[in-house]
Amino acid sequence: MNSSFQPVSADSFPMQYGGWTKQEKVNYWSEQLYRIRRHASEDGAPLDSVFNAKLIEHMTNIDANILNLLPEILIQLAKMEMTATAPIFAAFTARTQIALTETA
């Protein structure tokens with residue numbers, strides 16, 4: 001085990017997150033969405049069920065500017081899932097009532 005590894009506590013995460021590049025933030029959120037969508041599916045729920053107000057609240061609590069990153073996050077998520085972006089954007093908008101434009 002690497003002795004220099006320091007787990008990130010919940011209290012220090014927002015400060016660490018604030019120092020990340022835009023791409024690191026996009027990568028983090030797309031990986032988180034990928035994981036929670038898979039967990040939802042394993043529990044028998046639709047993948048898109050994770051797109052909800054609770055998710056947006058959680059994301060906004062960590063990053064007040066998350067809405068600016070969400071198009072890139074969803075594009076990255078689609079790449080990870082090896083699917084088209086349009087269905088993910090449509091599901092996100094339908095479930096959150098937040099209309100996003102695919103910019104990248």
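Colleague: How does Glu102 count by relative accessibility: buried, partly exposed or exposed?

Modeller: Glu102 counts as partly exposed, because its relative accessibility is 39%. The cut-offs are under 20% relative accessible area for buried and over 50% for exposed, with partly exposed in between (1.4 Å probe, protein chains only). Bear in mind that this is a predicted model, where local features need pLDDT of at least 70 and side-chain atom pairs need 80 or more, while totals for chains, interfaces and linings use all residues. Numbering starts from 1 along each chain as its sequence is written, and side-chain values use heavy atoms, with hydrogens and water left out.

Colleague: Fine. Where does Glu102 lie, and what does Glu102 touch?

Modeller: Glu102 is in the segment after H5. Helices here are DSSP runs of H or I with at least four residues, strands are E runs of at least two, and numbering goes from the N terminus. Not counting residues up to four places away in sequence, Glu102 touches Ile75, Thr85 and Phe89. Contact means heavy atoms within 4.5 Å.

Colleague: You mentioned Glu72. Which residue is 50 residues apart from Glu72 in sequence?

Modeller: That's Lys22, and the C-alpha to C-alpha distance between Lys22 and Glu72 is 9.8 Å. Lys22 is in contact with Leu69 and Glu72, leaving aside neighbours within four places in sequence. Lys22 is found in helix H2, and it is partly exposed, with a relative accessible area of 49%.

Colleague: Changing topic: what volume does the largest pocket have?

Modeller: About 200 Å³. On a 1 Å grid over the protein atoms alone, a pocket is an open set of points where a 1.4 Å probe fits, with protein on both sides within 12 Å along at least five of seven lines; lining residues have an atom within 4 Å of a point. Points are joined across faces, edges and corners, and the volume is the space filled by probe spheres set on them.

Colleague: Which residues line the largest pocket?

Modeller: The lining is Tyr28, Trp29, Gln32, Leu33, Ile36, Val50, Asn52, Lys54, Leu55 and His58. Helix H2 (22-42) and helix H3 (53-62) each supply at least two of the lining residues, and H2 gives the most, with five.

Colleague: What about the lining by class?

Modeller: Six nonpolar, three polar and one charged. Ala, Val, Leu, Ile, Met, Phe, Trp, Tyr, Cys and Pro count as nonpolar, Asp, Glu, Lys and Arg as charged, and the others, Gly among them, as polar.

Colleague: Gln32 is on that list. How exposed is Gln32?

Modeller: Gln32 is partly exposed, with a relative accessible area of 24%. Gln32 and Leu77 are 45 residues apart in sequence, and their C-alpha atoms are 9.3 Å apart in space.

Colleague: Now backbone angles. What is phi of Met82?

Modeller: Near 50°, a positive value in a residue other than glycine. Met82 is in the loop between helix H4 (66-80) and helix H5 (85-96), and it counts as exposed because its relative accessibility is 75%. Phi of Gln97 is positive too, near 65°. Gln97 lies in the segment after H5 and is exposed, with a relative accessible area of 65%.

Colleague: Last one: how many helices and strands are there in the protein?

Modeller: Five helices and zero strands. Of the 104 residues, 33% count as buried. Among contacts with a separation of 6 or more, 54% are between residues 24 or more positions apart.
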